[in-house]
Amino acid sequence: MCQDCGCSITHDHHDHSLKTNPQLNDKKTLSVIHKILSKNDLEAQHNRNHFNQHQVTAFNIMSSPGSGKTTLLEHLCQYSNLRYAVIEGDLETSRDADRLIAKGILAYQIQTGSACHLDAFMVHGALHHIKLDELDICFVENVGNLVCPASYDVGTHKNIVLLSVPEGDDKIEKYPVMFRKADVVVITKTDLLPYFDFNLEHAKAELYKLNPHVDLIELSVKDAATFNPLVNWLATAHDNNLTANIQEA
Amino acid sequence: MHEYSIVMALIEQCEALAKQHQAIAVERVDIKVGILSGVEPSLLAQAFNTFKLDGICAKASLDMHIQPLVLQCNHCNTRSEQMHRVVLCPDCNSADTRVVDGEDMMLMQLEMDT
């Protein structure tokens, strides 16, 4: 990172008002250049290392409440060979974790109280309750919210963002930070497309402006065949992560 | 309202730096907020003014620099700055760009009374 203005350029080929970056300009002014969420980011990296040590690839699932995160995870085990657990985040209740456990899926619930997002520390706490050795991948199902979770790295490898058909295709423009952070966008409840004015082409065009290289998958839990692209995407992401791990080691 | 959590992290950082430099008070906190950082500046300011009251930042003012997106185009090599939340190159419309700035929240400078 650039030490003068904190932009992501490391070498000196752009103009700054601060040329020399003295630690102390005078007695009173201290130039720091510090990510405000650096403590969280450090803990997130710690979580990622922990996943890597167990050769587990982790996915942060984010979307509005009711867009189908838990339902997707309830059904996924019928189609994917990957063994997974779910760390659930909600303000109150353990209903989502209970739903998954009822399906035989390992799940641990984090109750955030009033916090509108999960952070890396909460996920770290939950990891003490998950046996990673028995898993291939792990999902962190974030608090249903298209705003706050986008600002926090929780220590996963990839971000999955859901957008359900009834929410409308304008959500991408309305919540740009979230859709910018996505590695894959899953349009859910596509069986409802005939009943809603959701324009897939418009959604794709808006997504292209914000996040041109993101993958887009259409899915309906009512149609088993629509799970294939997501199952393949997860398998590829997991393989790539394992390969990257081996190269790093 | 994740702005409250962000302000807590910011104030914690300021307090640690103030302690490290034996300051008796923090007078000004300069931060940079990217337009794609996911933070609402007015909520951030409100949260700062509420939470600062307990500690060494009690009298500090918060200076926010709103950072536009800075894009480096790999296709036409142009560097551009824009306030729209679009990452396509405004000159050649290429999608092969890199976001150089505008996605982060940074603490930049502290003015302290020592």
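A crossing of two helices is called left-handed if the near helix is turned anticlockwise from the far one by less than a right angle, and right-handed if clockwise. By this rule H1(A) and H4(A) cross in the left-handed sense. The structure is a predicted model, in which local features need pLDDT of at least 70, side-chain atom pairs count only at pLDDT 80 or more, and totals for chains, interfaces and linings use all residues. Residues are numbered from 1 along each chain as its sequence is written, while chains are lettered from A and ligands numbered from 1 in the order in which they are written.

## Chain A overall

Chain A has eight helices and eight strands; helices (H or I, at least four residues) and strands (E, at least two) are DSSP runs, numbered from the N terminus. Of the 249 residues in chain A, 42% are buried. Here a residue is buried if 20 or more other C-beta atoms lie within 10 Å of its own, exposed if 12 or fewer, and partly exposed in between, with C-beta atoms placed from the backbone. Two residues are in contact if their C-beta atoms, placed from the backbone, lie within 7 Å. Among the contacts in chain A with a separation of 6 or more, 72% join residues 24 or more positions apart.

## Strand S3 of chain A

Strand S3(A) covers residues 84-90, and seven of the seven are buried, so this strand is largely enclosed by the rest of the structure. In a regular strand the side chains alternate between the two faces of the sheet. Both faces of S3(A) are covered: one side carries Tyr84(A), Val86(A), Glu88(A) and Asp90(A), the other Ala85(A), Ile87(A) and Gly89(A), and all are buried.

Two strands pair if DSSP finds at least two bridges between them. S3(A) pairs in the parallel sense with strand S5(A), residues 137-141, over five bridges; the partner of Val86(A) in S5(A) is Phe139(A). S3(A) also pairs in the parallel sense with strand S4(A), residues 106-111, over six bridges, and there Glu88(A) stands opposite Gln109(A).

## Helix packing

Two packed helices are described by the angle between their axes and the distance between the axes. Axes are lines fitted to C-alpha atoms, for helices over the stretch in contact, and angles run from 0 to 180 degrees between N-to-C directions. Angles under 35 degrees count as roughly parallel, over 145 as roughly antiparallel, 65 to 115 as roughly perpendicular and the rest as oblique.

| Helix pair | Angle between axes | Distance between axes |
|---|---|---|
| H1(A) and H4(A) | about 30 degrees | 8 Å |
| H2(A) and H3(A) | roughly 15 degrees | within 9 Å |
| H1(B) and H2(B) | about 55 degrees | 9 Å |

With that angle, H1(A) is roughly parallel to H4(A). Residues of H1(A) in this contact include Asn40(A), Glu43(A) and His50(A), and among those they meet in H4(A) are Phe121(A) and Leu127(A). The contact of H1(A) with H4(A) has five nonpolar, five polar and one charged residues. In these counts Ala, Val, Leu, Ile, Met, Phe, Trp, Tyr, Cys and Pro are nonpolar, Asp, Glu, Lys and Arg charged, and the others, Gly among them, polar.

H2(A) and H3(A) are likewise roughly parallel to each other, with a right-handed crossing. Thr70(A), Leu73(A) and Glu74(A) of H2(A) make this contact with Asp96(A), Arg99(A) and Leu100(A) of H3(A). Its residues divide into two nonpolar, one polar and three charged.

In chain B, H1(B) and H2(B) are oblique to each other, and H1(B) passes H2(B) in a right-handed crossing. Residues of H1(B) such as Tyr4(B), Ile6(B) and Ile11(B) meet residues of H2(B) including Leu43(B), Phe48(B) and Phe51(B). By class this contact has ten nonpolar, no polar and one charged residues.

## A sheet in chain B

An open sheet of three strands in chain B has the order S4-S3-S5, with antiparallel pairing. Its edge strands, each pairing on one side only, are S4(B) (79-82) and S5(B) (97-101). Neighbouring strands are turned by 30 degrees against each other on average, direction ignored. S3(B), residues 69-73, pairs with S4(B) over four antiparallel bridges, and Leu69(B) has Gln82(B) as its bridge partner.

## Contact between the chains

The contact takes 30 residues from chain A and 33 residues from chain B. On the chain A side, S1(A) (29-35), H1(A) (38-53), H6(A) (176-181) and H7(A) (200-210) each supply at least two residues. S1(A) gives the most, with seven residues. The chain A side divides into 16 nonpolar, eight polar and six charged residues.

S1(A) is also joined to strand S6(B), residues 105-113, by five bridges, and the two run antiparallel. In this pairing Thr29(A) stands opposite Glu111(B).
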